[in-house]
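Happy to walk through this one with you.

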Amino acid sequence: MQRVHARWWVGLLMAVWAISSAAASEIDTLQRLSETGTLRVGYGDTAPFSYQDEEGNVLGYSIELCQRVAAQLQQQLNLPKLDIEYVFRTPGNRVQLLNSGEIDIECNASTNNAERRRSADFSLSHFFVSVRFVALKENQFFTLQDLAGRSVSVARGTVNVGQINQANREQQLNLSVVPVETLQEAFDLVTEGRVAAFAMDDILLSTMIAESEDPSAYSLSEEAVTAEEPLGLLMRQGDQAFVEQVNQALREIYQRGDILALYDRWFLQPLPGKGITLNVPISETLAQHFMNP
């Protein structure tokens, strides 16, 4: 009986996924842009890529890049106007919002890998990251082996869940993986001593440490959980004409060279509304990508 019940649930989930995918493939973003003059942009609470300041303004590296993409799209598509409507999304609901049409593009920090490409399409890359973990410095956790037998928080809906589970299996770490809804909640579990570490993209962890009440209380792992991976702007599957137009816009932006000034503004200068400076020079990988997207 339990086996039949399990098969019924699997069948239901597959049917829901098929219906959602079919609905997403019917959305013609370019046609909708011409009809509405509005690009729906998903953003998160993920400085320096996208966040809100105290006045409620949506800003960040990815947001400013998408503002330039919108201006370029307006020109490419010969539209009289192209406004931006910002929609808050979480790691857990971003693909759902894309598929429902509530957002057209996610301008944040999504990892472009094989797992993610099964449910969404990506633009050209705009950053590269490795996954590491943050822990309380007093505990002296610097490698994955240091975490053996302990608990690690991850944000639901991120590729980090699968990455930590894979490392757990391959290295037989006997980790207890604790999924939570938001990055801040995962970080807070470390602060409160309820988990040993929180695994996430290294640049996001560095930002959260810098924003914390006592940055000196935390350490970033010496060992990377993954090799360097690209981040891109996320779009729904089955809308290839829109993806191609976005990539054409990005090529134009990258090859003009003003992307380097944009990078400096968000990674080498004080973050607006945050009072912190990340001081993260551009990597050789990203610099080469901008030169030859």
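Q: Which side chain makes a polar contact with the side chain of arginine 32?
A: This is a predicted model, in which local features need pLDDT of at least 70, side-chain atom pairs count only at pLDDT 80 or more, and totals for chains, interfaces and linings use all residues. Residues are numbered from 1 along each chain as its sequence is written, and side-chain values use heavy atoms, with hydrogens and water left out. A polar contact is a pair of N or O atoms within 3.5 Å; within protein, one must be able to donate a hydrogen and the other to accept it, and residues adjacent in sequence count only if both atoms are side-chain atoms. For arginine 32 the pair sits at 2.5 Å, and the partner is aspartate 104.

Q: In which helix is the place of arginine 32?
A: Helices here are DSSP runs (H or I, at least four residues), as strands are (E, at least two), both numbered from the N terminus. The run at residues 29-36 holds arginine 32, and that is helix H2.

Q: In what order do the 5 strands of the open sheet lie?
A: Two strands pair if DSSP finds at least two bridges between them. Strand S1 (residues 38-43), for instance, runs parallel to S4, joined by 6 bridges. The pairing in the sheet is mixed, and the order is S4-S1-S5-S12-S6.

Q: At about what angle does helix H9 run to S6?
A: Axes are lines fitted to C-alpha atoms, for helices over the stretch in contact (heavy atoms within 4.5 Å). Angles run from 0 to 180 degrees between N-to-C directions. Helix H9 (residues 240-256) lies across S1, S5, S6 and S12, and its angle to S6 is about 40°.

Q: Is alanine 120 buried or exposed?
A: Buried means under 20% relative accessible area, exposed over 50%, and partly exposed in between (1.4 Å probe, protein chains only). Alanine 120 lies in the loop between helix H5 (114-117) and S6. Beyond its neighbours within four places in sequence, alanine 120 is in contact with Leu234, Met235 and Gln237. Its relative accessible area is 0%, so alanine 120 is buried.

Q: Within what arc do the buried residues of H10 fall?
A: In helix H10 (residues 259-267) the buried residues are Ile259, Leu262, Tyr263, Trp266 and Phe267. Seen down the axis, they line one face of the helix, because their arc is limited to 110°. An α-helix has 3.6 residues a turn, so residues three or four places apart point the same way. The arc, taken from the directions from the helix axis to the C-beta atoms, is 110°.
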